[in-house]
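Here are a few friendly notes to read alongside the model. Please have the viewer open as you go.

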Amino acid sequence: EEVAALRKELRDDFDLIMRFWDSPKPTVAAVHGYCLGGAFELALACDLTLAARGCRLGEPEVKFGSGIVALLLPFLCGTKRARELLYTGNDRVTPEQAEAWGLVNRVTDPENLVDEARSLAREIARNDRLAVRLTKQALNRACEIPRMREALEHALEIDVEIESTETEESREFNEILRRDGARAAIAWRDARLG
């Protein structure tokens with residue numbers, strides 16, 4: 001069945017993202033260029049995220065009739081900010097905005113991004129391994145106690161519904177997307193709004 005296959009695909013994506021959250025070792029993301037949708041969720045699932053000046057982050061899924069695979073955003077930046085980002089499909093968040101909203105730890109020049117990420121990882125690696133692992137476990141548990149995991153599982157099921165429900169608008173958008181590409185489909189959608 002189509003929905004079952006879609007559910008498995010989205011579950012696999014969810015599990016991949018959450019592997020970074022669940023990893024016993026701290027994870028460090030170095031973000032450059034465009035970090036949108038699932039890539040943004042992956043960066044959010046990492047313990048620390050560094051972003052290069054000039055990159056863009058965001059969650060444009062609603063623009064394409066899609067949902068969020070791992071809905072970490074409200075737990076990391078608050079419900080109001082998450083609503084704004086998700087409802088508008090904002091895909092132009094600057095690294096400076098993301099840092100101010102608590103979604104990025106540091107903003108750096110692009111040429112220093114990888115070196116700074118490695119330096120931060122080395123700084124963590126110098127500490128007692130067990131203490132770091134258990135501290136990460138405690139932090140994750142502190143986030144999950146207010147039922148974050150259950151909320152994420154529920155949001156994944158809603159994403160399955162979003163992705164598997166075809167509307168007249170999504171059918172037309174996807175047809176233009178297949179036939180003429182993303183730019184044409186986005187232009188069609190934008191033109192409908194006036």
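The points below cover a helix, a loop residue and some charged pairs.

1. This is a predicted model, in which local features need pLDDT of at least 70, side-chain atom pairs count only at pLDDT 80 or more, and totals for chains, interfaces and linings use all residues. Residues are numbered from 1 along each chain as its sequence is written, and side-chain values use heavy atoms, with hydrogens and water left out.

2. Glu61 sits in the loop between strand E4 (56–58) and helix H3 (73–77). Glu61 is buried but has no salt bridge (a side-chain nitrogen of Lys or Arg within 4 Å of a carboxyl oxygen of Asp or Glu). The nearest side chain of opposite charge, Lys63, is 9.6 Å away (Lys and Arg count as positive, Asp and Glu as negative; His and the chain ends are not counted).

3. The whole structure has 13 salt bridges. In helix H1 (residues 2–22), Lys8 and Asp12 lie four residues apart, and their side chains meet at 2.7 Å, N to O. Lys8 is exposed at 52%, while Asp12 is partly exposed at 38%.

Terms used
Helix = DSSP H or I, 4+ residues; strand = E, 2+ residues; numbered from the N terminus. Buried < 20%, exposed > 50% of the residue type's maximum accessible area, 1.4 Å probe, protein only.
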